[in-house]
Amino acid sequence: MKLRHEVMLFAVGGAIGFVVDAGIVQMLVSFVHFNPYGGRVISFLAAATVTWWWNRSQTFAARQSNRSLVTEWLHWMALMGGGAAINYAAYVACLVEIPSWHKWPVLAVAVGSFFAAFVNFVSARTLLFKRAKTHS
């Protein structure tokens, strides 16, 4: 599959992940009165799982990880840790610098997601889904 097509599909998966991430953290903050920092950990885990499913079945459908589903998911979560660190740092920086965003953490999620997207794509493509599928 062409790199440009993979980037576009990864962006679609990222948009889906953003909706899950931002939706869950906003719901936790608005309705359950969760702390926006702790709520983000929960929302990230859900979003990373959704993006793993999307990317394994769509973006990298022509590639394989040569791992079992559980091992592949664990590897995905570990790789996304790098992007998550960048994402969370930008998220926290936004909340610290713009205190009014504590009521609207979705805005900080958007900023963090933007900065982490490149790192996440490169690590997923080069370290997990690095082999083309072989048809036997």
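**Entry 1: record and spans.** I began with UniProt, where an unreviewed entry places the feature "transmembrane region" at residues 7–31, 37–55, 76–98 and 104–128. I kept in mind that the model I was reading is predicted. Taking up two of these spans, I found that residues 37–55 are 100% helix and 0% strand, with their end C-alpha atoms 26 Å apart. For residues 104–128 I noted 96% helix and 0% strand, and a distance of 34 Å between the end C-alpha atoms.

**Entry 2: H2 against H3.** I next looked up how helix H2 (residues 36–59) packs on helix H3 (residues 69–97), and I wrote down an angle of about 135° with the axes 9 Å apart.

**Entry 3: the largest pocket.** I then turned to the largest pocket, which holds about 520 Å³ of space. I counted 27 residues in its lining, and those nearest the centre of the pocket are Phe10, Gly14, Ser113, Ala117 and Asn120. Which helices supply the lining? I found that helix H1 (3–31), H2, H3 and helix H4 (105–128) each give at least two residues, while the largest share, nine residues, comes from H4. By residue class, I recorded the lining of this pocket as 17 nonpolar, nine polar and one charged.

Note on methods
Residues are numbered from 1 along each chain as its sequence is written. This is a predicted model: local features need pLDDT of at least 70, side-chain atom pairs count only at pLDDT 80 or more; totals for chains, interfaces and linings use all residues. Side-chain values use heavy atoms; hydrogens and water are left out. Axes are lines fitted to C-alpha atoms, for helices over the stretch in contact, and angles run from 0 to 180 degrees between N-to-C directions. Helices (H or I, at least four residues) and strands (E, at least two) are DSSP runs, numbered from the N terminus. On a 1 Å grid over the protein atoms alone, a cavity is a set of points where a 1.4 Å probe fits but cannot get out, and a pocket is an open set with protein on both sides within 12 Å along at least five of seven lines; lining residues have an atom within 4 Å of a point. Grid points are joined across faces, edges and corners, and a volume is the space filled by probe spheres set on the points. Ala, Val, Leu, Ile, Met, Phe, Trp, Tyr, Cys and Pro count as nonpolar, Asp, Glu, Lys and Arg as charged, and the others, Gly among them, as polar. UniProt positions are given in the numbering used here, feature names are shortened, and annotations may be inferred rather than shown by experiment.
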